[in-house]
Structures are given as C-alpha cells and as structure tokens.
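Hello,

I am passing this structure on to you, with some notes on what turned up in it. Have a look at it first, and then read on.

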Amino acid sequence: MRARTPEVIEQRLDALLSAVLAQMKLVVITLGEGDDAQVIFETLNSKGEPLLAMDLVRNNIFHRAEKQTTATDELYKELWDPFDAPWWREDAPNARPRRPRIDHFLAHVLAAESGASIAMRELYAEYRAFAVPKGRPRFPNVEDELKVLQRHSPIYETLEGRKDENPTMAWLGRKLAMWQVTTAYPIALQIAAAGLPDDEQDRIARLVYSYIVRRAVCDLTNKNLNKLFQAVSQKFFEDGPSYDNLRDFFVTRSGESSRFPGDEEFRRGILQNPVYQLAPGDRNKDILWELELTSRSKFAEKVARPGGLWTEHVLPV
C-alpha cells in the first residue's frame, strides 16, 4: 500500500472543497401555518404529483390491509373506489382552509368519531393517531375501518347538496352553506349516524340553525363558532346526540362569545339592528322566509320558497 504524499492529500482536499462549494445544493423548505409537514415529506419522496392527505390515508390503509392478507382489490372496489370520483377532489366551496372535499370530509369524520379537535394541517397524522392509537389498531380489521368512512359519506354528500339521503340533513346543509358554517358538519354526521327519530333530528338541526341566526341578528361574534361546535361534538360523543343534550349545552354558555340569545333579545335585534348589514344578501331573505313560515297557521297552504326573490326595503317599526 502506497503512502499518500502531501501532494495527493492536497489534491483530494481541493476536490472535496470544490464539490462542497460548487456542486452541493442545499434546499430549505419553510412551512406555512396551514402546511402539513407529513404530507409535504411524503409528497417529496413520492416523486409524483402532490398528494392529498386522503391519498396518504388510502396508502396507509391498504398497506395495512395487505399485512392482514385481505383481498385488497375487492376491498378497494367495494369501499374506496367511490372516493376517487373527481367531485371529492374539488375544493369544498364553503369551507376554510381551501382544501379538497375529501380532506374536509376526513376531518369531519375524525371529529365526529372522536369528539376531538382536528388540525387540518396535520390531517394525515391525525388519522394515523385515530386508526392506530398508541400503536394498537382501533378496528379489528381494515374493512371495519373503511366502513366508518362509507357510513358517513352519504350524509356528507347530502350536506354538500350532492345527494338527498336525509331530508333534515339536506335542509341543514343548505342553511349551513348559506351562513358558511361548515364547522357544524361533525354534529350533523353524529346526529344522522345515531339513528334518531326524524322529529328529534329536525329539532336538533333547527336548534343549531337558530343559534347561528340569533347570534348574527343580535350582532354577536361568530369568530368562535368552530370551537363552539367542536365542544358540541365532544358532548355528543360523550353523552350521545339529542335535543336535550344540545339544549343543556347551550344553557351552560353564558359568555358573550358563545351564549344563546333569548327570544326577547332576538326580537329586539330583528326590530332594531341593521339586519341588512348583519345578515346581507340571501341571509336576510332566509330570515324573512323562516319568519313567514312561522307566522302561518297550520291551515295555510305549504309552498316552497319561490326563486328570484329580493329584499326591496326593510322598514323600521
């Protein structure tokens, strides 16, 4: 073995220095508040198109299915294939942050099934923690896991106006879209999944709607609705969804950021507040239509709300 001369060592050091200074490239990725580090990491390593959180969930689910020696082709066709429709990859029109419906659907399902607050920017990690908490699978097999998503998907599609599986949820979905309060979706999923009687579902849905409208008309902030409805979802998860549980929940809320305005306060808001500004556009027409329906007697003819209505003037009392 030849001894390395000082000239050889110097040449090699020069080559190493040249490689470090001229050839090596360092890439720094700074994540924004809404970025999911796990999603970005797996996207960079996929060497393909950017992946949705639900893509990563799918890969994770079927990777575990293969380990369970499950017939993955049949499982995919029966329980996952509907989620590959283009509709699911379109941005959810009334939800924030701007993400495809499939990601918002997953977040709502996780919230409904756990009662927990779900971080959209960590959605893939949230799902893994839900499906395999502390390394122990929540479900006996992957098929049962997928059936949870399948059970909730028709109601989510109904809330979004794609299906009409449940008349009450279709009505609530239209109201929530008009008022842009999709943070109440987990509650709707819980109500529908509980198999409550139709009249009980209707009472709960109308109480949720009443809360949103009353706070707007009474000029109370709506900035905390996401936290409020997450707390309702947690109560429903722990005690079960029911009208009485929701009513009891609202009774305990006394602060300005979350209280339920009473009838007298709502009456004053309608008569004195600038509803034109507090509930602009279709929202004030929605309020007036609901007041119209409430004022009718049981003998009045039932008609659907006509299209093309506009509010000309709201006269002071």
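With a relative accessibility of 2%, Val 109 counts as buried (buried means under 20% relative accessible area, exposed over 50% and partly exposed in between, with a 1.4 Å probe and protein chains only). Before going further, please note that this is a predicted model, in which local features need pLDDT of at least 70, side-chain atom pairs count only at pLDDT 80 or more, and totals for chains, interfaces and linings use all residues. Residues are numbered from 1 along each chain as its sequence is written, and side-chain values use heavy atoms, with hydrogens and water left out.

Val 109 sits in helix α6, residues 101–114 (helices are DSSP runs of H or I with at least four residues, numbered from the N terminus). Leaving aside residues up to four places away in sequence, Val 109 touches Val 148, Leu 149, His 152 and Leu 189; contact means heavy atoms within 4.5 Å. Leu 149 is 40 residues from Val 109 along the chain, yet their C-alpha atoms are separated by 7.1 Å.

α6 and α10 pack at about 60°, with axes 8 Å apart (axes are lines fitted to C-alpha atoms over the stretch in contact, and angles run from 0 to 180 degrees between N-to-C directions). The two helices are therefore oblique to each other; angles under 35 degrees count as roughly parallel, over 145 as roughly antiparallel, 65 to 115 as roughly perpendicular and the rest as oblique. On the α6 side His 108, Val 109, Ala 111 and Ala 112 meet Tyr 185, Pro 186, Leu 189 and Gln 190 of α10. That contact has 6 nonpolar, 2 polar and no charged residues (Ala, Val, Leu, Ile, Met, Phe, Trp, Tyr, Cys and Pro count as nonpolar, Asp, Glu, Lys and Arg as charged, and the others, Gly among them, as polar).

α3 packs against α7 (residues 123–131) at an angle of about 30°, with the axes 9 Å apart. That makes the pair roughly parallel. Ala 53, Leu 56, Val 57, Asn 60, Ile 61 and Arg 64 of α3 make the contact with Leu 123, Tyr 124, Tyr 127, Arg 128 and Ala 131 of α7.

In α12, the buried residues include Leu 225, Phe 229 and Phe 236. Their cover includes α6, α10, α11 and α13.

Most residues other than glycine have a negative phi, and most peptide bonds are trans. Here are some places to check against that. Between Arg 96 and Pro 97 the peptide bond is cis, with omega near 0°, and Pro 97 lies in the loop between α5 and α6. Lys 134 has a positive phi of about 55°; it is in the loop between α7 and α8 and counts as exposed at 87% relative accessibility. Gln 180 has a positive phi near 50°, lies in the loop between α9 and α10, and is partly exposed at 46%.

Happy exploring!
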